[in-house]
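This briefing goes through one protein model by topic. Please keep the sequence and the structure open while reading.

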Amino acid sequence: MSTTKEDWTGRKFEVEVGPVAHGGHFVARHEGRVLFVRHALPGERVVASVYEDNGGSFCRADAIEVLQPSPDRVEAPCPFSGPGLCGGCDFQHVSWDAQRELKAQVVREQLSRLAKIERDVVVEALPGGPLEWRTRIRMAVDRDGRPGFRGTRSHDVIPVDHCVISRPGMVEAVADRKWRAQELTIVQDGDGNRHVGEVRGRHTVRRAGSDTAVEIAALRKWRISADGFWQVHPAAADTFATVVGEWAAAEPGQRAWDLYGGAGLFASVLGRQVGETGSVLVVESFPGAVEDGRRNLRRMSQVEFVVDKVERAVGRRLPVEDPHVVVLDPPRKGAGKVVVAEVARRRPQRVVYVACDPAALARDLAEFTVQGYRLADLRAFDAFPMTHHMECIALLVPETS
């Protein structure tokens, strides 16, 4: 008997929308299949148009007509948001309070399903409101040289002349001309300076403005590469550094590790805590970030940077002495079993885990549980309003603590 499913691409269905799912969409069902529907809300009745069907148990759709709206639905502030348009924002149609509750539901569900941890979660707002917060953007350029953003799960470029979540003037600075680059990077740093880079292939070939961006966080001014990683919300870096410092609580003379340490934001906090008689080891795979970190923290002799992948370093390059505190800030995929197991084997008193993906966080928390650690505290922050993204910070301690 054939199990081939009919291709629903382009078909429209009237469906009842269920709960939010990780990834900025909502769950609906039709004829035994799951539809992941964007631009909808729980409890709504919508007409869903399928835009992707790979023949499995689910397909992807847009809500193109709302028959019964949710009380949390608002008019999107951006004219480029909606079905078939810019794919950058998932929740433009959702009130800001409801956005944070939806994100909290996602974190709770991921913790419960993947880590078997039942915990209430509140997603905290950062200062400044839901608009005009983004300080770093990357724009694609279409065949006519016009800059824009890509559609959802698409290579199509949607030209735009402004962006309501970006700092005023960032998109406008590049929208009034044609470009020969493949992509553009626009950074507005902590001093208000704007840096525009033209990208071809994997390299920035030309830049308007300085190659160095200035940021302020953790009681210091940072000078980092304009192409380097930094939090995109202007309040995020300082907020996260404060929480990491409170939970790390390293003491003078102690040893700390900062894994996936970037330019050393958290290492600067740890370095102040352990003082000149302690040590902070930073492991970061991107040489440019390490160069920035060494330059900014050159007066902190207790901070040492190592250029290596964390997965490789934990097996052969980390010191024999066990750390008292470990900070983990892995990429979206998480730290993984090898790193978690090696960190746990060293039995630090506290592990502070900074996560940009709740599913990866939950998987790693499950592994920490296997290794004898428990979740002692958790905070979540709406560092990316209007999108489904958020940032979580978790504190882990040995089970016997």
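This is a predicted model: local features need pLDDT of at least 70, side-chain atom pairs count only at pLDDT 80 or more; totals for chains, interfaces and linings use all residues.

Glu284 counts as buried, because its relative accessibility is 12% and buried means under 20%. The residue sits in strand β16, and UniProt, in an unreviewed entry, lists Glu284 under "binding site".

**Residues annotated as binding site**

- The unreviewed UniProt entry gives Gln231, Tyr260, Glu284 and Asp329 for the feature "binding site".
- Apart from neighbours within four places in sequence, Glu284 is in contact with Tyr260, Gly261 and Gly262, with Ala289 and Val290, and with Val306, Val307 and Asp308.
- Tyr260, one of these contacts, is itself on the UniProt list for "binding site".
- Gln231 belongs to the loop between β14 (220-225) and α3 (236-248).
- Gln231 is also buried, because its relative accessibility is 10% and the limit is under 20%.
- Not counting residues up to four places away in sequence, Gln231 touches Thr135, Arg136, Ala236, Ala237, Phe240, Phe384 and Glu391.

**The residue annotated as active site**

- UniProt places the feature "active site" at Cys356, again in an unreviewed entry.
- Cys356 is found in the loop between β19 and α8.
- With a relative accessible area of 17%, Cys356 is buried.
- Residues up to four places away in sequence aside, Cys356 touches Pro330, Pro331, Arg332, Met390 and Glu391.

**Cysteines**

- How many disulfides does a search of the whole structure find? The search finds 0.
- For Cys356, the closest cysteine sulfur is in Cys392, at 9.6 Å, which is too far for a bond because a disulfide needs the sulfur atoms within 2.5 Å.
- For Cys89, the closest cysteine sulfur is that of Cys86, at 6.2 Å, which is also too far for a bond.
- Cys89 counts as buried, at 9% relative accessibility.

**The sheet of 8 strands**

- An open sheet with mixed pairing contains 8 strands in the order β6-β20-β21-β19-β18-β15-β16-β17.
- Its edge strands, β6 and β17 (303-307), each pair on one side only.
- On average, neighbouring strands of this sheet are turned by 20° against each other, with direction ignored.
- The pairing of β20 with β21 is antiparallel and runs over 8 bridges.
- Leu378 stands opposite Ala394 in β21.
- Helix α7 (residues 337-345) packs on the sheet and touches β15, β18, β19 and β20, with its direction at about 165° to that of β18.
- Helix α4 (residues 265-274) lies across β15 (255-259), β16 (279-284), β17, β18 (325-328) and β19 (350-355), and runs at about 165° to β16.

**Helix α1**

- Helix α1 covers residues 96-115, which are 20 residues, and should span 28 Å at 1.5 Å a residue; its end C-alpha atoms are 28 Å apart, which agrees.
- Which residues of α1 are buried? They are Ala98, Gln99, Arg100, Leu102, Lys103, Ala104, Val106, Val107, Gln110, Leu111 and Ala115.
- The cover over these buried residues includes the strands β1 (12-21), β2 (25-30), β6 (123-125), β20 (373-382) and β21 (391-398), along with helix α8 (358-370).
- Lys116 follows α1 and has a positive phi, near 55°.

**Loop residues**

- His39 is not a glycine, although its phi is positive at about 65°.
- The place of His39 is the loop between β3 (33-38) and β4 (45-52), and the residue is buried with a relative accessible area of 7%.
- Arg347 likewise has a positive phi, near 55°, in a residue other than glycine.
- Arg347 lies in the loop between α7 and β19, where the residue is partly exposed with a relative accessible area of 41%.
- Gly192 is in the loop between β10 (183-188) and β11 (194-200) and counts as partly exposed at 46% relative accessibility.

Technical notes: Residues are numbered from 1 along each chain as its sequence is written. Side-chain values use heavy atoms; hydrogens and water are left out. Helices (H or I, at least four residues) and strands (E, at least two) are DSSP runs, numbered from the N terminus. The expected span of a helix is 1.5 Å times one less than its number of residues. Buried means under 20% relative accessible area, exposed over 50%, partly exposed in between (1.4 Å probe, protein chains only). Contact means heavy atoms within 4.5 Å. Two strands pair if DSSP finds at least two bridges between them. Axes are lines fitted to C-alpha atoms, for helices over the stretch in contact, and angles run from 0 to 180 degrees between N-to-C directions. UniProt positions are given in the numbering used here, feature names are shortened, and annotations may be inferred rather than shown by experiment.
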